[in-house]
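Thanks for coming. Have the sequence and the model open while I go through the chain.

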Amino acid sequence: MKKIRVLLAALSFAMVIPFSSAHAGDPILKGGNGEWDKVGERRLKEITCAGGATCWKTGNVQSTGGSFRIITFMSDVFFEVWEYDPGSGNDDLVGYFDNVGGDFHNLNGFVDGTNNRAEFYVVTVDKEAAGKKVYFYD
Ligand SMILES: [Ca+2]
Ligand SMILES: [Ca+2]
């Protein structure tokens with residue numbers, strides 16, 4: 001399964017390059033092939049992470065792959081981005097960001113499941129994030 005995912009990511013890479021460079025340095029919510037569409041906002045809620053640590057986590061937001069943007073309006077909070085899969089410990093790590101947000105590309109390999117979507121969420125151990133909102137764009 002991992003090998004297939006890597007292969008899909010490699011295949012999508014060539015197609016995503018022009019799209020990515022069109023985004024480079026773009027401070028507002030516009031993409032090379034259209035607008036960034038807001039696809040959801042989720043509040044960071046307290047959960048218990050592995051090892052018993054207190055974490056704050058958003059609900060899932062669905063994506064069709066490609067590129068994805070996450071904005072938090074928080075600074076100096078370190079976030080992990082994950083992709084949800086059913087069952088315990090099956091979620092996939094997508095990446096990290098630690099400023100007001102981050103752009104993620106080449107995400108087609110994370111699209112899976114019966115809904116044929118990726119389900120992204122963010123999580124942090126920084127309690128400054130407690131109860132704040134995170135905004136998702138596809
Ligand atoms: Ca999934
Ligand atoms: Ca997955």
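The chain averages a pLDDT of 82, and 75% of the residues score at least 70; pLDDT is the predictor's confidence in each residue, from 0 to 100. This is a predicted model, so local features need pLDDT of at least 70 and side-chain atom pairs count only at 80 or more, while totals for chains, interfaces and linings use all residues. Residues are numbered from 1 along each chain as its sequence is written, and chains are lettered from A and ligands numbered from 1 in the order in which they are written.

Over residues 6-32, pLDDT stays under 50, and the model has 27 contacts for them beyond four places in sequence. A contact here means two C-beta atoms, placed from the backbone, within 7 Å.

Of contacts between residues at least 6 apart in sequence, 68% join residues at least 24 apart.

Now burial. Of 138 residues, 26% count as buried, that is, with 20 or more other C-beta atoms within 10 Å of their own, those atoms being placed from the backbone.

Which residues touch the most other members of the largest nonpolar core? Ile70, Val81, Phe120, Val122 and Phe136 do, out of 22 residues. Such a core is a set of buried Ala, Val, Leu, Ile, Met, Phe, Trp, Tyr and Cys residues joined through C-beta atoms within 7 Å. S11 gives the largest share, four residues.

Note on methods: A residue is buried if 20 or more other C-beta atoms lie within 10 Å of its own, exposed if 12 or fewer, and partly exposed in between; C-beta atoms are placed from the backbone. Helices (H or I, at least four residues) and strands (E, at least two) are DSSP runs, numbered from the N terminus.
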